[in-house]
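Here is a short briefing on one protein model. Look over the sequence and the fold, then read on.

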Amino acid sequence: MIDYDQKSHWLVLVFQLRGSLFPSLYREIIAAAIVGYLAALAQTRGVTIAAMGPHASSFHSTPGILMDDKVHTILIFPLGFLLIFRSNNAYGRYMEGRMQLGKLVESVREITRTIAAYHSGEGAEEKAARTEMRRLTNVLYEMMTQQLIFHPGERDINQIRLMTTAERKQLKDTANRVPPVLYWLTRKIALEKTAGRFEPGTVGLLDNRINAMVGAWMGADKLVQTPVPYPYVQMLNALLFAYIYTVPFCLAHRFGWFTPVASVIIAVALLGINAVAMEIEIPFGTDENDLPLEGFGLMAAMDSVDLLRMRDPDAKSFTEEWTAMQLLDEAEAGDAAPEKYIDFSVKLKTKKSMTAFLAVDKLRLLSAEKVSAQKAKPISTREKLMARCMA
């Protein structure tokens, strides 16, 4: 997701290439310019291909292909209807995806809050059990959001934070990795209930929250698995092609050698609206304009750790726990790696748009003794505030 200042000057917004769809339309725009040039060339050679108004009466005396511009006037109505339909549908899908993502984050926080508040026992075993349930809750969120990524090739299980090597090996060849993690979390809660650390009513609360989390995930998955009906997309693209690459012949007699310019403007307007709809109708992935799944997951994980530390102040911070997990993975893999700083920007493959989300944890890292020598980019007050607001 692109973070930008909504009060920026319009020229700044127009000429910003990051996240822009203009570069992806260059082939169609060049083709429209060429067709516009051919239409202007034909007009200067005395070949009138289309006419309107008073020129229509000269059809019988002008050589060329006869094309009345009234056809394009009529064609713009169904084309406009389909463009509006797809744009509204795409924006609705984008906002629906954002709402379901918000429900996932809310469920993570509420599950952790319930565990921290209602789980009984203050011994080392009980504290470890609370930490494990919180960890599995964070893993469940990340597994759910990773399953939403449209292209399966981008679902890298090694990018799931706080998973053990054994868990990764167990799920490596599993197509849908969410149900196993659901089982692990639910089974852990059941074992804690059997041990007498949860009241039956509390288990019901946790089960309802987990069900809400599954419902949000299924709601988001519906957007991924149900594209816009193909007949709509086919008809829209056919009308776009027919309109954009024939309308220059209706403009040549009026615009002359400026016909390519007019053709490009029309192509950018119509194709741009369609491209925006295509870009946002499936808002889950790793593109610049997709929702920041990793960023929300990072903030949910840090918030859940903070919630649990209110109950267990001696529990590890998110940074300490994740660093320990990474070092454990390296040890199990046989790498003789010393304790070192784990760079979030590398491990998470984060985009520039994630800077605000990482700002808070970078501040925590810089305050730790192990990374006192780490040189970090200065974090502005705006980034600090944005990180909290966007959570």
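**Charged pairs and packed cores**

The side chains of Asp303 and Arg109 form a salt bridge, at 2.7 Å from N to O. A salt bridge here is a side-chain nitrogen of Lys or Arg within 4 Å of a carboxyl oxygen of Asp or Glu. This pair joins distant parts of the chain: Asp303 sits in helix H11 and Arg109 in helix H3, 194 residues apart.

The model is predicted: local features need pLDDT of at least 70, side-chain atom pairs count only at pLDDT 80 or more, and totals for chains, interfaces and linings use all residues. Residues are numbered from 1 along each chain as its sequence is written, and side-chain values use heavy atoms, with hydrogens and water left out.

**Salt bridges**

- Buried means under 20% relative accessible area, exposed means over 50%, and partly exposed lies in between (1.4 Å probe, protein chains only).
- Asp303 counts as buried because its relative accessible area is 12%.
- Arg109 is partly exposed, at 22%.
- Helices (H or I, at least four residues) are DSSP runs, numbered from the N terminus.
- Arg113 and Glu110 also meet in a salt bridge, at 2.6 Å from N to O.
- These two residues are three apart in helix H3, so about one helical turn separates Arg113 from Glu110.
- Arg113 is partly exposed, with a relative accessible area of 38%, whereas Glu110 is buried at 19%.
- Glu125, Glu126, Lys188, Glu192 and Arg197 are linked in a network of salt bridges.
- The count of salt bridges comes to 15.
- Side chains of opposite charge can pair when their charged atoms come close.

- Asp312 lies in the loop between H11 and helix H12 (318-332).
- Asp312 has 1% relative accessibility, so this residue counts as buried.
- Its side chain makes a polar contact with the side chain of Arg130, at 3.0 Å.
- A polar contact is a pair of N or O atoms within 3.5 Å; within protein, one must be able to donate a hydrogen and the other to accept it, and residues adjacent in sequence count only if both atoms are side-chain atoms.
- Arg130 is buried too, at 0% relative accessibility.
- Arg130 also meets Glu122 in a salt bridge, at 3.9 Å from N to O.
- Contact means heavy atoms within 4.5 Å.
- Neighbours within four places in sequence aside, Asp312 is in contact with Glu122, Lys127 and Arg130.

**The nonpolar cores**

- A nonpolar core is a set of buried Ala, Val, Leu, Ile, Met, Phe, Trp, Tyr and Cys residues joined through side-chain atoms within 4.5 Å.
- The largest core has 46 residues, and those with the most contacts inside it are Leu104, Leu140, Tyr141, Met143, Ile189, Met213 and Phe284.
- H3, helix H4 (124-147), helix H6 (178-194), helix H7 (200-225), H10 and helix H11 (293-311) each supply at least two residues of this core.
- H7 gives the most, with nine residues.
- A second, separate core has 22 residues, including Leu25, Leu82, Leu239 and Leu270.

**Leu104**

- Leu104 is found in helix H3 and is buried, at 1% relative accessibility.
- Leu104 and Met213 are 109 residues apart in sequence, yet 5.4 Å apart in space, C-alpha to C-alpha.
- Beyond neighbours within four places in sequence, Leu104 is in contact with Tyr141, Met144, Thr145, Met213, Ala216 and Trp217.

**Helix H7**

- The end C-alpha atoms of H7 are 37 Å apart, which agrees with the 38 Å that its 26 residues should span at 1.5 Å a residue.
- The expected span is 1.5 Å times one less than the number of residues.
- Buried residues of H7 include Leu206, Ile210, Met213 and Trp217.
- The buried residues of H7 pack against H3, H4 and H6.

**Helix H8**

- H8 (residues 230-244) has 15 residues.
- Its buried residues are Val233, Leu236, Leu239, Leu240, Tyr243 and Ile244.
- They cover an arc of only 140° around the axis, so they lie on the same side of H8.
- The arc is that of the directions from the helix axis to the C-beta atoms.
- The face turned away from this buried side carries the exposed residues Tyr230, Pro231 and Phe241.
- The buried residues of H8 pack against helix H2 (26-44), helix H3 (70-118), helix H9 (248-255) and helix H10 (259-280).
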